[in-house]
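Subject: Structure handover

Hello,

Please find the structure below. My notes on it follow.

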Amino acid sequence: MKKMKWVLIVLLMAALVLSGCGTQQSKTKKIVIAEPVHLIAYLPLYVAIDEGYFKDEGLDVNVITATGGAHVTSVVSGDAWGVIGGPDSNQIANNKSKDPITSVVNVVNRANVYLMANKKQKLTGNSNKDLAEFMKGKTIAAGRYGGSPNLLTRYLLLKVGLDPNKDVKLDEPADATAVVSLVSQGKADMANGAEPQINEGIKKGAWGEPFYGFPSLGDYAYSVISVKASTIKNDPKTVQKVVNAMLKGLKVVNENKAEAYKVLKKEFPTTPDASLHAAMDRAYKDNLWSKDGYITKASVAKPMDVLKKTGIYTKGYKYSKLVDMEFVNKAHKK
């Protein structure tokens with residue numbers, strides 16, 4: 001009888017432990033973050049997932065790639081909890097919205113867009129006049145109309161005195177990865193892009209090193225994590241947890257290159273090591289990633305200025321409605 005009693009006690013304790021484990025699992029919250037394209041620039045997000053920083057916060061994060069501008073609309077529709085992309089894209093979607101998308105933590109703090117030309121062409125100067133002569137009359141694979149790469153290309157054309165609608169031909173595929181094939185097949189003379197597309201094009205002989213890089217614009221809120229205003233109001237704890245994890249991801253990418261590279265290799269397993277190392281070197285050289293997660297007024301003003309000057313969106317914006325830094329502030333005070 002005593003033996004039976006102890007067996008029952010052990011079984012009861014085991015049941016309680018398993019019950020506790022089930023409760024712990026049920027507390028894990030699943031969320032989806034949409035990205036416009038799978039890019040090396042989003043490495044801090046991938047690191048936060050791979051290193052378990054989201055899991056430490058009780059979150060199960062899944063990233064989906066939604067091209068053609070669907071990364072923003074997926075948040076509007078509720079198919080995704082959050083989005084990584086530009087605050088400028090958010091502002092366009094926010095026009096007349098009663099539940100605006102609000103940016104909560106910075107990730108890519110440089111305009112991560114470069115221009116490449118096929119190897120038959122060579123730029124012989126860096127002045128606006130030189131760029132204008134080099135680009136005039138060319139077919140440029142510029143990406144989706146309204147997307148950041150497209151807007152920055154139009155912005156540069158206007159800056160050097162060219163009319164994007166008359167002086168060049170803009171090919172505007174919805175899929176950002178299509179620009180490599182367009183140039184390699186001779187359907188475009190130039191293209192914009194970022195890593196891993198840049199090195200992919202170099203390896204295929206489509207183009208050489210970029211002849212122009214938009215990171216030269218300095219601090220630029222290019223890719224930030226954003227959520228609906230209603231999410232901030234109704235579930236601030238989850239927002240805080242995401243920000244906490246992202247700041248840890250940024251820290252690893254900025255301070256531990258070897259660890260960051262391990263995650264990069266997992267995310268892009270078919271990309272040659274030489275290309276990945278070259279991409280990382282470019283990112284660090286151009287100070288691609290935010291150091292602290294803050295989205296400054298100046299860094300938002302630049303993409304909004306691009307929107308205005310290209311005529312895509314001219315209705316203005318309010319930084320206080322487009323950006324909320326309370327969660328980054330709280331994370332840094334811990």
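**Strand β3 and its sheet**

Strand β3 is covered on both faces: Gly82 and Ile84 on one side, and Val83 and Gly85 on the other, are all buried. Buried means under 20% relative accessible area, exposed means over 50%, and partly exposed lies in between (1.4 Å probe, protein chains only). Helices (H or I, at least four residues) and strands (E, at least two) are DSSP runs, numbered from the N terminus.

Some ground rules. This is a predicted model, in which local features need pLDDT of at least 70 and side-chain atom pairs count only at pLDDT 80 or more, while totals for chains, interfaces and linings use all residues. Residues are numbered from 1 along each chain as its sequence is written, and side-chain values use heavy atoms, with hydrogens and water left out.

Now the sheet that holds β3. It is open, has five strands and runs in the order β2-β1-β3-β10-β4, with mixed pairing. The edges are β2 (59–65) and β4 (101–108); each has a single partner strand, so one side of each is left without a neighbour in the sheet. On average, neighbouring strands here are turned by 25 degrees against each other, direction ignored. Such axes are lines fitted to C-alpha atoms, for helices over the stretch in contact, and angles run from 0 to 180 degrees between N-to-C directions.

Next, the pairings. Strands of a sheet pair through backbone hydrogen bonds, either parallel or antiparallel. Two strands count as paired if DSSP finds at least two bridges between them.

- β1 (residues 29–35) and β2 are parallel, with seven bridges. Lys30 has Asp60 in β2 as its bridge partner.
- β1 and β3 are also parallel, with two bridges. Ile33 is bridged to Gly82 in β3.
- β3 and β10 run antiparallel, joined by four bridges. Gly85 has Val224 in β10 as its bridge partner.

**Helices on the sheet**

Two helices are worth a look. Helix α5 (residues 87–94) lies across β3 (82–85), β4 and β10 (223–228). Helix α5 runs at about 170 degrees to β4. Helix α11 (residues 236–255) lies across β1, β2, β4 and β10. Helix α11 runs at about 15 degrees to β4.

**The largest pocket**

Helix α11 turns up again here. On a 1 Å grid over the protein atoms alone, a pocket is an open set of points with protein on both sides within 12 Å along at least five of seven lines; a cavity is a set of points where a 1.4 Å probe fits but cannot get out; lining residues have an atom within 4 Å of a point. Grid points are joined across faces, edges and corners, and a volume is the space filled by probe spheres set on the points.

The largest pocket has a volume of about 250 Å³. Its lining has 14 residues, and Asn244, Leu247, Lys248, Lys251 and His332 lie nearest the centre. Helix α11 gives the most to this lining, with seven residues. Both α11 and α16 (326–333) supply at least two. By class, the lining has three nonpolar, four polar and seven charged residues. Here Ala, Val, Leu, Ile, Met, Phe, Trp, Tyr, Cys and Pro count as nonpolar, Asp, Glu, Lys and Arg as charged, and the others, Gly among them, as polar.

**Two cavities**

There are two cavities of 30 Å³ or more.

The largest cavity holds about 430 Å³ of space. It is lined by 30 residues, with Pro36, Val37, Pro149, Ala176 and Tyr222 nearest its centre. Both α7 and β8 (190–193) supply at least two lining residues. The lining splits into 13 nonpolar, 15 polar and two charged residues.

The second largest cavity holds about 60 Å³. Its lining includes Ile40, Asn112, Glu195 and Arg282. Helix α13 (residues 273–285) gives the largest share, three residues. Six of the lining residues are nonpolar, one is polar and two are charged.

**Two asparagines in loops**

Asn118 is in the loop between β5 (114–117) and α6 (128–135). Asn118 counts as buried because its relative accessibility is 14%. Leaving aside neighbours within four places in sequence, Asn118 is in contact (heavy atoms within 4.5 Å) with Val183, Ala188, Asp189, Ala206 and Trp207.

Asn165 is in the loop between α7 (148–159) and β7 (169–171). Asn165 counts as exposed because its relative accessibility is 61%. The C-alpha atoms of Asn165 and Arg154 are separated by 9.1 Å, and these residues are eleven apart along the chain.

Best wishes
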